[in-house]
Amino acid sequence: MCGIFAYLNFLTPRTREEIIKILVNGLKRLEYRGYDSAGIAIDGCNEVNLSALEVALVLLKQKGKVAALEEEIETAKKDLKFDVVFSTHIGIAHTRWATHGEPNWVNTHPQRSDASGEFVVIHNGIITNYKDLKAFLSERSYQFESDTDTETIVKLMKHFYEIHKKDPNGVTFRELVEKTIQQLEGAFALAFKSSHYPGEIVVARRGSPLVIGVKSPTKLATDRFPVLFSKERATLDHSEHRGTVYSSIIGDDLSTLAPVGEEKEVEYFFASDASAIIEHTNQVIYLEDNDVAAVNRSGKLTIHRVQNLTDSEPMSPMSREVITLKMQIQQIMKGNFPSFMQKEIFEQPESVMNTMRGRVNFEENRVLLGGIKEHMAEIRRCRRLLFIGCGTSYHSAVATRQLLEEMTELPVMVDLASDFLDRSTPVFRDDVCFFISQSGETADTLMALRYCKQRGALIVGITNTVGSSICRESHCGVHINAGPEIGVASTKAYTSQFISLVMFGLMMSEDRLSMQERYNTIIKGLKKLPEQIKEILAMDDQIHQLAEELYQQRSLLVMGRGFNYATCLEGALKIKELTYMHSEGILAGELKHGPLALIDSAMPLIMIVTRDPVYVKCMNALQQVKARNGQPIVICNKGDEETKKHAYKVIEVPDQVDCLQGILTIIPMQLLSLRIAELRKCDVDCPRNLAKSVTVE
């Protein structure tokens, strides 16, 4: 949802213009997450003196897109010297997706502690107890200028600073952050900057993702360093604040990350997503929940651990690893396409091949998913399979449920993560739970994962993001290898999730003689998929013409059954997400139980009728629609003249195995959604009110 980006250049001279450019470009890389305002905070003085008690602050914020912020920055050139060089500087930047308060200047991040901005913070997440904190601070004469939950965080930090600044030993910036986050309930990723601690930055996370990039001209001292716990708890005065903080009793020199040798130049990048960092460095550290990372005035990074009061983890040293990203900058660029959405749709011949590469041996008809092979014996012994996700990820599970039931001969339960949690669903130790998420950070899915893990179930993650929370917290998993997906509406991740689950079904049935014919047929079908997808993408002009007939409509129904029911759900979701048109995916078997009342000559309708086991039933539904003067647009198999007779318009897709047909029928729906959205002048990459990575409930 919100996007966090911060940049610290330690002993690495940068002009103010260069710093601002890095911050703004970082925000542009995070635009796909969805947002409605953007802002940055930088030092306002014309030279940096790290021994000074205070450093002037400049906040530049603007409602709307990052482009509007750039215009605001251009205007500020009159007052700011862009050629001033900073040897050490910290800048923080943010794209806000409004949850508390409308998009305007005061509600846009960074949020400040007071008019002079002694402390500023950027925040991704939601603080659920902010009203209590706000009441506590209001009683102590703190004035609030915004409607945000985030402002309570930075004012609480100011409150703690005022209490402890007269202590003989003072209080460090990191300790202030630890004291503050101990009072917070909810989800957050935070980055703090302060005029009282020039040259220092502190970040923390709980429930929302945060990654640190490190760039140095020399080798780093280590690629793995310990995270520190305290052996002592410092109880706070409950009349002033609640909870417990931890202070490290181990020397910081044992847990610092810094360059080797005399050259101490280093740059740090802090972001919600590695896509904002990859253009600068491929050396990253993924923070875990309750981590607090701080860079001190010496340019050394330390990571400390703050436990929740309910945490049952042992207070023992852990470690964080410096990971080398394999992502390429070209993967997060549009290339020759006008939008990421279009690029990602047209990448699907390659993305589905990448999902299968090294896993499906077409010569020997074998499938091997390395991430779960060590757990296959346990999975085969389970009593049932649970597949849990949200939105498009949920639809990929619906699309493969029938095949998985067939190939595994186990009960298969598919659930929306939010509803799964609301019902407090019974979960047992001999269940296997699959959690599907493109980002690996979806809040509802992650909470459902933890719910099942506490009950002893085997956890399998299906994600597209290495190092994500679901990846790290699963016992085993499958990386779908679709490549970075920037467009908010998921396309290639859906088809890759679909194929990943099909491959799992094949692994489960490979030693069953009764399944061999079906098994081999599906593998042959997988081999044909990339070329068949290219064939459908070549129909873009035809689908564009269809979009011109539909784009002024107010509603669109999508109907099918069997293996194509998931296509109806996912196709309708794409229409809603991209075009803001009402759309509904309907199970054709339910037609006479209500939806038939909607059918007349004016109701736009798409029906998916392919030559599969439910073909006769789908034809029955098609004829019922025709009998009510419906004008159905039919997606059918190429050369199916019988079906085409009953259609108003036809989109023909190649023949494929029934369980894989949904991969081919969804692509016309993706293209149609894209073209209707373009004709309606909608932003196809960043639909209104939506975010790519839903990191709050």
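In the predicted model, Leu403, Glu406 and Met407 of helix α9 meet Arg518, Tyr519 and Ile522 of helix α14, contact being defined by heavy atoms within 4.5 Å. The residues of this contact divide into four nonpolar, no polar and two charged, where Ala, Val, Leu, Ile, Met, Phe, Trp, Tyr, Cys and Pro count as nonpolar, Asp, Glu, Lys and Arg as charged, and the others, Gly among them, as polar. Helices α9 and α14 (residues 516–537) pack at an angle of about 140°, with their axes 11 Å apart; axes are lines fitted to C-alpha atoms, for helices over the stretch in contact, and angles run from 0 to 180 degrees between N-to-C directions. The two helices are therefore oblique to each other, a class left for angles that are not under 35 degrees (roughly parallel), over 145 (roughly antiparallel) or 65 to 115 (roughly perpendicular).

Five strands form an open sheet with parallel pairing, in the order β25-β24-β26-β27-β28, and two strands pair if DSSP finds at least two bridges between them. Helices (H or I, at least four residues) and strands (E, at least two) are DSSP runs, numbered from the N terminus. The edge strands, each pairing on one side only, are β25 (412–416) and β28 (476–479). Helix α9 (residues 391–408) packs on this sheet, where it touches β24 (384–389), β25 and β26 (431–437).

Residues are numbered from 1 along each chain as its sequence is written. Local features need pLDDT of at least 70 and side-chain atom pairs count only at pLDDT 80 or more, whereas totals for chains, interfaces and linings use all residues, and side-chain values use heavy atoms, with hydrogens and water left out.
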